2 protein chains.
Amino acid sequence: MRRLHAIIPAGGTGTRLWPLSRADHPKFFLDLLGEGRSLLQATVERLLPISETITIVTGSRHEDQVKAQISDSRVRVLVEPSPRDSMAAIGLAVYRLAEEFGDDCIVGSFAADHVIEDEQEFVAAVNNAIEGAAQNYLTTIGITPAEPSTAFGYIEPGSEIAPSVYAAQRFVEKPEKDVAEEYCRNGFLWNAGMFVMRAGLLREGLAQMLPQMDRGLAKLSSGPVDAAAWNTLPRIAIDYALAEPMAAQGRVAVTPGNCGWSDIGDFKALADIAGVEGTGVFTRSKKHVVTVGLSDVAVIDTDDALLVIDLHQAQKVKQVVDHLKETGQDHLL
Amino acid sequence: MRRLHAIIPAGGTGTRLWPLSRADHPKFFLDLLGEGRSLLQATVERLLPISETITIVTGSRHEDQVKAQISDSRVRVLVEPSPRDSMAAIGLAVYRLAEEFGDDCIVGSFAADHVIEDEQEFVAAVNNAIEGAAQNYLTTIGITPAEPSTAFGYIEPGSEIAPSVYAAQRFVEKPEKDVAEEYCRNGFLWNAGMFVMRAGLLREGLAQMLPQMDRGLAKLSSGPVDAAAWNTLPRIAIDYALAEPMAAQGRVAVTPGNCGWSDIGDFKALADIAGVEGTGVFTRSKKHVVTVGLSDVAVIDTDDALLVIDLHQAQKVKQVVDHLKETGQDHLL
């Protein structure tokens, strides 16, 4: 039962976990949970049992590290000539898979650096999504909200079109707190960016709505990835390029996933997942770390940078990284 | 006007500033104020203008570093064969000074690792103490309390015996808060362990009250420091050996010093002196340190140990060091 061709875009720098995640060593390479494997390795291991192939799309800067971490005959690595956002990265893989396996093959995109605690529930959700995809819906796995978070967009489910698969009424942006609470009361689901569909549906959607993207990806559907053709592709996220416009056309479905998902969006989320009480210490060194009298604080120690942060203000790490950029301290990024 | 023979016992490990202060690199070697000089160097520089000689008494472990930091023809370095507390260390120097300069020479002991912000006021206090010493009192400089601290012992001044010099009624131990407040209302002074006296008075006092110490120090009053003789000396602090019993005999005087003194007893005191607001960062590395959302916290980073501490609990560093000892982590001490 391996009907899926999984795609894992492994790009970005994950600035919200600086100084653990760095430009040369982004979040997906980190073993944040201390499991002895990176988030990328965990993602591949989670998908291998249900996938016929896995395609990792990454930048040339990270190609060697990806290949050092992952070696399975069913995993391919595609190298982007430059970062051009998620629609180009996912599209590159889908057009090639369509070329090789035909338009009816089922493709699905999954982030390289998220955590899923309940793998059984995850597999069940993917199988539901594959049913939705087989009925020619762009099917997303919507996460059952653990709380009325303001950090994620939401999806409104409508009528059931297959067991546990619902027509998606609309995608909505990250809400204010009171709106998030209303969404949760009304059964909305978190948009975790997991999309499953027929390869042909994605190609049709792009041909209709982003013909420049479709033409460019068609040229890139086999052989070496041509940098000149790549550089003509529009920079756009798959949510805006495909998911939202197709939802407006009634061609998107959603299936709930209650699988202990987290994007580990900041050190607060990491501390929660790690079960930290009081003070979280995250270090890449063998240094002896002692804290006295602190609570809800994270200490992140690396060779060249040390961050100590009130976990209630974990989102501010982005400002720290922005400041480093603005002041030209690129060696710390 | 250099009538003083200053003595600086430079021993101890200063565990309350761990991990900055270490067994091999105690507090007096540190440049805690970022002045470009260690506390020991600052102490010597403060005393040189008013001293005929300065004798530093230190352990063999620190001899080389002391000599590397201090080079002045008027400074001598005496090496203790092993640590035997402050009476032995100071006595060793005093008996040798008495041998060389006679019993009427004025000796004074000063800690190697304290801070004094107002040097002019300090010099005035030392000169007053020398007057008291010349009148054959064991004269201590009592610090005008900045607050009703419970971290110091106090001295009760009595009748004036010379300008700004008072008979010392008694020494009292570190008090509870309410008692400290009463002491401050009644004009008590902090005992900062600075003692000035005729060399002969110290010898007479020991001969009377600690004859074993007197006999041992007499044998050590010239030539190389004999380890066998040294090891017969009682382990006792000068406060208990000399100051308290002599106070009971009415032979101790005190002169107030309002000279911005601090023993930098913990990181709270260091942060206060350094004028830190919010978060104090004390590091021996070039590491980039960022803190977010913290207040009254100190971050102390060294090569092999990192401490992050709520400044309100700065006294607990001692417990951290005790724990390291108990668990056999001597390499971190």
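Biologist: How many Å apart do the C-alpha centres of domain 1 of chain A and domain 2 of chain A lie?

Modeller: Please keep in mind that this is a predicted model. Chain A is divided into domain 1, covering 4-262, and domain 2, covering 267-332. The C-alpha centres of these two domains of chain A lie apart by 28 Å.

Biologist: What is the area buried between domain 1 of chain A and domain 2 of chain A?

Modeller: The two domains do touch, with 13 residues of domain 1 of chain A in contact with 19 residues of domain 2 of chain A. Carbon and sulfur atoms give 68% of the area buried between these domains of chain A, and that area is about 1,500 Å².

Biologist: Which residue forms a salt bridge with D304(A)?

Modeller: Across the interface of domain 1 and domain 2 of chain A, the rule finds one salt bridge, and a pair counts when a side-chain nitrogen of Lys or Arg is within 4 Å of a carboxyl oxygen of Asp or Glu. In the pair that includes D304(A), the closest N and O atoms are 2.9 Å apart, and the partner is R22(A).

Biologist: Why is helix α1 of chain B described as largely enclosed by the rest of the structure?

Modeller: A residue counts as buried when its relative accessible area is under 20%. The buried residues of α1(B), including L39(B) and L47(B), pack against several elements of chain B, among them β1, β2 and α4. Helix α1 of chain B is largely enclosed because, of its nine residues, the number buried is eight.

Methods:
Residues numbered from 1 in each chain as written. Chains lettered and ligands numbered in written order. Predicted model: local features only at pLDDT ≥ 70, side-chain atom pairs only at ≥ 80, totals over all residues. Heavy atoms only, no water. Domains from an automatic or database assignment. Contact = heavy atoms within 4.5 Å. Buried area = accessible area lost by both parts, 1.4 Å probe. Buried < 20%, exposed > 50% of the residue type's maximum accessible area, 1.4 Å probe, protein only. Helix = DSSP H or I, 4+ residues; strand = E, 2+ residues; numbered from the N terminus.
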